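Please keep the sequence and the structure in view while reading.

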Amino acid sequence: MHFLPSIKGFAVDLDGVVWEGSRLLPGARDFLQLCERRSLPVAFVTNTVSLSRPLIIDKFRRLGVSE
């Protein structure tokens, strides 16, 4: 974690990084909580066209992750 002071934020892919199908991947919640505690912005990116922004937000909620 010594590198975090030099990091200004993250761009994070969703499918295969945060979740896989309907399952939150190990470490994803901890990473996002760490970013929130450190006030590090996280931009979520995806090339998935099957989920609209409202559906992605709903999926975060169902997986127990605040958006």
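## Helix packing and side-chain pairs

The elements that cover the buried residues of α1 include β1 (10–13), β3 (23–24), β4 and α2, where contact means heavy atoms within 4.5 Å, buried means under 20% relative accessible area, exposed over 50% and partly exposed in between, computed with a 1.4 Å probe on protein chains only. Helices (H or I, at least four residues) and strands (E, at least two) are DSSP runs, numbered from the N terminus. The model is predicted, so that local features need pLDDT of at least 70 and side-chain atom pairs count only at pLDDT 80 or more, while totals for chains, interfaces and linings use all residues. Residues are numbered from 1 along each chain as its sequence is written, and side-chain values use heavy atoms, with hydrogens and water left out.

In α1, the buried residues are A28, L32, L34 and C35. Seen down the axis of α1, these residues fall within an arc of 155° and therefore line one face of the helix, the arc being that of the directions from the helix axis to the C-beta atoms. The face of α1 turned away from this buried side carries the exposed residues D30, E36 and R37. After α1 comes S39, whose phi is positive, near 55°.

In α2, I56, K59 and F60 are buried. They cover an arc of only 100° around the axis, which places them on the same side of α2. An α-helix has 3.6 residues a turn, so residues three or four places apart point the same way. The exposed residues P54, R61 and R62 sit on the face of α2 turned away from its buried side, whereas β2, α1 (28–37) and β4 are among the elements that cover the buried residues of α2. Just after α2, G64 takes a positive phi of about 80°.

### Aromatic pairs

Rings of Phe, Tyr and Trp (its six-membered ring) are taken to pair if their centres lie within 6.5 Å, with planes under 30 degrees apart counted as stacked, over 60 as edge-to-face and the rest as tilted. By this rule there are three aromatic pairs. One of them joins W19 and F60 edge-to-face, at 5.1 Å centre to centre and with 65° between the planes. Because W19 lies in strand β2 (residues 19–20) and F60 in helix α2, this pair ties together parts that are 41 residues apart in sequence. Both W19 and F60 are buried. F44 and F60 form a tilted pair, 4.9 Å centre to centre and 55° between the planes, which links distant parts of the chain, F44 being in strand β4 (residues 42–45) and F60 in helix α2, 16 residues apart. F44 counts as partly exposed at 33% relative accessibility, whereas F60 has a relative accessible area of 3% and is buried. Ring pairs link W19, F44 and F60 into a cluster.

### Salt bridges

Side chains of opposite charge can pair when their charged atoms come close. With a salt bridge defined as a side-chain nitrogen of Lys or Arg within 4 Å of a carboxyl oxygen of Asp or Glu, the structure holds two.

| Salt bridge | N to O distance |
|---|---|
| R23 and E20 | 3.1 Å |
| R62 and D58 | 2.6 Å |

R23 is partly exposed, with a relative accessible area of 43%, and E20 is partly exposed at 46%. R62 and D58 are separated by about one helical turn because they are four residues apart in helix α2 (residues 53–62). R62 counts as exposed at 57% relative accessibility, while D58 counts as partly exposed at 33%.
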